[in-house]
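Morning, everyone. Please bring up the model on your screens, and we will go through it together.

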Amino acid sequence: MSVKIRLQRHGKKGKPFFHIVVADSRARRDGKFIEKLGTYNPITNPATIELNVDAAVKWLNNGAQPTDTARAILSYKGALYKKHLQGGVTKGAFDEAEAEKRFNAWLEAKEQAIQAKKDGLANAKADAKKAALEAEAKVNADRIAAQEALLAEAKAAEEAAANAEEEAPVAEGAEEAPVAEANEGTEEQA
């Protein structure tokens, strides 16, 4: 029986969520499995991976073959590196304590890199939000300036009209005379 370490899909359409499992290669993708090693959520940034590294190394040592994606996940979490270090211990290149020390140093460096990526993404998101707020404030300021310009223009037009009326003296008698003549005509007819 050929044993594989592979992904088992869960989650709804468009939102995948995977279990990392050890299964018979003849079993269906989402069917029977031997052991669940962890989970993988590709939706988050960076992807969320929970893996039992010791169990994965045990299965790798027993001959389980990972699929391409599973191999990438095992490498990312350090299972393949831990298997490599155990090979060095069995060959006598170094002892178990040295292997653990190297693996822990690698894990610490990996966690720092992941945290740096999370911080970079958070900073980029904050910068994008700040830039959007600044752009919105600029648009609002431009809109207010345009409204003030229109109000000032309307006010200037009103003042110009008022000045034009003041500058052109209107003879009061000339305006009232035709009205008076019209009134006299109506009185004579009555």
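Ground rules. This is a predicted model, so local features need pLDDT of at least 70, side-chain atom pairs count only at pLDDT 80 or more, and totals for chains, interfaces and linings use all residues. Residues are numbered from 1 along each chain as its sequence is written, and side-chain values use heavy atoms, with hydrogens and water left out.

Rings. Phe, Tyr and Trp rings (for Trp, the six-membered one) pair if their centres lie within 6.5 Å; planes under 30 degrees apart are stacked, over 60 edge-to-face, the rest tilted. By that rule, there are 3 aromatic pairs. Take Phe18 and Tyr40: stacked, 5.9 Å centre to centre, 25° between the planes. This pair links distant parts of the chain, with Phe18 in strand S2 (17–24) and Tyr40 in strand S3 (35–41), 22 residues apart. Helices (H or I, at least four residues) and strands (E, at least two) are DSSP runs, numbered from the N terminus. Both Phe18 and Tyr40 are buried. Buried means under 20% relative accessible area, exposed over 50%, partly exposed in between, with a 1.4 Å probe and protein chains only.

Next, Phe103 and Trp106: also stacked, 6.2 Å between centres, 20° between planes. They sit 3 residues apart in helix H4 (96–167), so about one helical turn separates them. Phe103 is buried at 5%; Trp106 is partly exposed at 24%. Ring pairs join Tyr81, Phe103 and Trp106 into a cluster.

What lies over the face of Phe103? Lys82, 5.0 Å from the ring centre. The charged end of Arg102 sits over Phe94, 4.3 Å from the centre of that ring. The test: NZ of Lys or CZ of Arg within 6 Å of the ring centre and within 35 degrees of the ring normal.

Now the core. A nonpolar core is a set of buried Ala, Val, Leu, Ile, Met, Phe, Trp, Tyr and Cys residues joined through side-chain atoms within 4.5 Å. The largest has 25 residues, and Ile5, Ile20 and Leu37 have the most contacts inside it. Helix H1 (53–61) gives the most, 6 residues. Contact means heavy atoms within 4.5 Å. Beyond four places in sequence, Leu37 touches residues including Ile5, Ile20, Ala55 and Trp59.

Last, Gln8, in strand S1. Buried or exposed? Buried, at 3%. Beyond four places in sequence, its contacts include Phe18, Arg29 and Phe33.
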